[in-house]
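Here is a friendly walk through one protein model. Have the sequence and the 3D view open beside you as you read.

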Amino acid sequence: METSLNGLYAAGDVAAVPMQFLSGALVFGQIAAENAVEYIHKNHFYFEVEENLCQEQVNKVLVLLREFSDNRYAEVSPNDFEYKVRRNINDYLVSPKNKYKLEKAIELMNKYRTELPDIVKVRDSHELARAVEISFIIDCAVLSAHASLARKESRWGYRHWRSDFPNTDPDWVKHIDLSLGARYPEVQITYRPVERMT
């Protein structure tokens with residue numbers, strides 16, 4: 001579960017272990033955690049916590065909680081809002097994919113990102129965590145849609161089947177790197193060649 005950054009371990013979708021669902025997340029999450037702990041012990045990473053930085057993060061959470069809870073027009077629960085977001089992900093981001101569906105997914109996710117702080121009612125810190133997590137789900141959905149739009153071919157069986165590009169292009173072997181850059185929520189896309197094993 002090692003990444004290219006020393007000391008950073010990944011699990012789940014970001015570790016390129018697709019279609020393993022919760023069981024895969026649990027197994028690879030434990031593997032990543034065990035290796036991260038071993039890395040820390042071998043490299044003796046002990047440091048003091050900077051209280052002022054911690055307090056800054058606490059203040060940010062309190063501001064978010066106040067903004068969400070003070071919105072008297074908000075009436076949708078985080079659970080209901082998340083359900084709607086996930087339904088649209090299943091409708092527009094899974095195979096068979098095509099340009100229309102993927103662009104529609106991006107349009108809807110951008111709409112939900114804007115609506116989230118205005119219509120979701122947060123009553124406590126647990127619901128605030130759910131609301132923040134929904135914003136991450138939206139970001140991941142947008143990145144996924146952009147990646148699928150950029151790959152103008154079908155590959156990996158049904159996992160990435162584009163009805164508008166049904167064939168696999170043997171020359172189109174590259175990584176698609178995505179980031180939500182400085183002009184958030186604008187997505188930056190770059191391509192990187194696949195390093196072949198020798």
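## An arginine past strand 2

R196 has a relative accessibility of 63%, so this arginine counts as exposed; by the cut-offs used here, buried means under 20% relative accessible area, exposed over 50% and partly exposed in between, with a 1.4 Å probe and protein chains only. You will find R196 in the segment after strand 2 (187–193). Helices (H or I, at least four residues) and strands (E, at least two) are DSSP runs, numbered from the N terminus. Between the C-alpha atoms of R196 and S179 there are 24 Å, with the two residues 17 apart along the chain.

Residues are numbered from 1 along each chain as its sequence is written, and side-chain values use heavy atoms, with hydrogens and water left out.

The predictor's confidence in each residue, pLDDT, runs from 0 to 100. The protein averages 86, and 90% of the residues score at least 70. Helix 3 (residues 78–92) has the highest confidence, at a mean of 95, whereas helix 2 (residues 51–70) has the lowest, at 78. Where pLDDT is low, the predicted coordinates should not be read in detail.

## The nonpolar core

Which residues touch the most other members of the largest nonpolar core? They are F81, V85 and M109, in a core of 24 residues. Such a core is a set of buried Ala, Val, Leu, Ile, Met, Phe, Trp, Tyr and Cys residues joined through side-chain atoms within 4.5 Å. Helix 3, helix 4 (99–119) and helix 5 (125–150) each supply at least two residues of this core, and helix 5 gives the largest share, with nine.

Take V85 as a guide to the packing: beyond its neighbours within four places in sequence, V85 is in contact (heavy atoms within 4.5 Å) with M109, Y112, I134, I137 and I138. V76, in the loop between helix 2 and helix 3, also touches F81, along with I119, V120 and K121, not counting residues up to four places away in sequence. V76 is partly exposed because its relative accessibility is 24%.

Rings of Phe, Tyr and Trp (its six-membered ring) pair if their centres lie within 6.5 Å; planes under 30 degrees apart count as stacked, over 60 as edge-to-face and the rest as tilted. By this rule there are four aromatic pairs. One of them joins F81 and Y112 edge-to-face, at 5.8 Å centre to centre and 75 degrees between the planes. This pair links distant parts of the chain, with F81 in helix 3 and Y112 in helix 4, 31 residues apart. Both F81 and Y112 are buried. The pair of Y158 and W161 is tilted, because the ring planes lie at 50 degrees, with the centres 5.7 Å apart.

## Cysteines

How many disulfides does a search of the whole structure find? The count is zero, a disulfide being a pair of cysteine sulfur atoms within 2.5 Å. C54 is partly exposed, with a relative accessible area of 36%, whereas C140 counts as exposed at 52% relative accessibility.

Methods. This is a predicted model: local features need pLDDT of at least 70, side-chain atom pairs count only at pLDDT 80 or more; totals for chains, interfaces and linings use all residues.
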